[in-house]
Amino acid sequence: MRHGLVIKNTGSWYQVKTDDGTFIECKIKGNFRLKGIRTTNPVAVGDRVNIEENSEGTAFIVSIDSRENYIIRKASNLSKEAHILAANIDQALLLVTVNYPQTNLIFIDRFLATAEAYRVPVRLVFNKTDLYDAGDKELLRGLINLYDYIGYPCSPVSAVTGEGMERLREELRCKVSLLAGNSGVGKSSLINFFLPELHLRTGNISHLYHKGMHTTTFSEMYPLPEGGYLIDTPGVKGFGTIDFAPEEVSHFFPEIFKFSRECRFGNCTHRHEPGCAVLQALEEHRISESRYASYLSIMSDSTAGKYRLGD
């Protein structure tokens with residue numbers, strides 16, 4: 001039996017880098033499922049696994065080490081199943097754009113809430129600053145002030161001009177970082193900046209809808225020369241939250257949770273109850289209306305259509 005790290009998922013095959021530096025293409029047995037996790041991919045990039053070869057020389061993943069954390073989203077087929085983007089992550093970089101295309105704020109907040117639920121720290125990376133006009137830059141400053149105040153570090157960058165990229169490189173040093181975002185926000189361009197030898201294909205923006213075209217199909221992790229890994233993930237349109245009980249949702253919005261401890265009722269949903277400290281904070285502009293709207297969006301998740309709000 002050999003031990004290694006899953007560095008690429010191609011759907012039916014997994015590439016594993018063994019502890020001795022060998023790369024092995026592996027399969028999983030048809031009945032391989034992780035207890036208690038119903039996902040489309042029981043094995044994920046970032047998993048540490050044990051593999052065995054059969055008499056024909058085919059390698060199989062036979063077990064997975066305990067995960068430190070992982071991050072998931074609703075499967076693209078809108079079923080009740082989830083898709084694991086990656087496991088054992090030090091941080092997630094959510095790449096967003098104020099324009100070209102515009103990233104939906106509910107998408108951002110759903111990602112942040114999911115990361116909070118699965119104990120994954122997030123840095124917001126605002127890309128394409130070289131394209132922004134005065135109005136875009138004003139909106140960018142407002143969003144950075146909002147999310148920085150909540151506690152999410154923000155990095156304005158341009159993968160084209162290099163603005164802010166060296167500072168971001170330092171944030172990646174010796175860490176396993178997941179890179180996520182809508183299609184078209186420049187994930188491939190950012191990876192090409194740090195790892196130019198990869199020559200990843202970049203997609204064009206659909207001028208009709210200002211949306212990006214998918215260029216990445218499966219997750220893959222790339223070693224960084226300064227140490228650590230950068231995990232590229234498929235561009236996602238919507239970000240459906242998984243199995244959030246209504247009473248838990250406020251826990252995944254740090255600023256709402258802070259005020260919720262002052263509510264009159266312990267089971268307050270922060271929607272209509274008297275003596276709600278969250279509603280008071282909202283009225284006093286100490287909680288942003290966009291964040292509260294995202295909170296209500298997750299609270300009202302009940303139909304499959306809700307999961308396409310990032311489109």
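H270 is buried (under 20% relative accessible area, with exposed over 50% and partly exposed in between, for a 1.4 Å probe and protein chains only), its relative accessibility being 2%. The model is predicted: local features need pLDDT of at least 70 and side-chain atom pairs count only at pLDDT 80 or more, while totals for chains, interfaces and linings use all residues. Residues are numbered from 1 along each chain as its sequence is written, and side-chain values use heavy atoms, without hydrogens and water.

H270 lies in the loop that runs between α5 (254–260) and α6 (277–283); helices are DSSP runs of H or I with at least four residues, numbered from the N terminus. A polar atom of the H270 side chain is 3.4 Å from the backbone oxygen of C268. Beyond its neighbours within four places in sequence, H270 has contacts (heavy atoms within 4.5 Å) with residues including S250, I256, C263, L279, Y292 and Y295.

## Aromatic pairs

Y292 and Y295 also belong to one aromatic cluster with F253. Across the whole structure, 5 aromatic pairs are found; rings of Phe, Tyr and Trp (its six-membered ring) pair if their centres lie within 6.5 Å, and planes under 30 degrees apart count as stacked, over 60 as edge-to-face and the rest as tilted. One of the pairs joins F193 and F194 edge-to-face, at 5.5 Å centre to centre and 90° between the planes. F193 is partly exposed at 25% relative accessible area, whereas F194 is buried at 3%.

The F244 and F252 pair is tilted, with 4.8 Å between centres and 45° between the planes. Both F244 and F252 are buried.

Definitions and conventions: Helix = DSSP H or I, 4+ residues; strand = E, 2+ residues; numbered from the N terminus. Polar contact = N/O pair within 3.5 Å; in protein donor to acceptor, adjacent residues only side chain to side chain.
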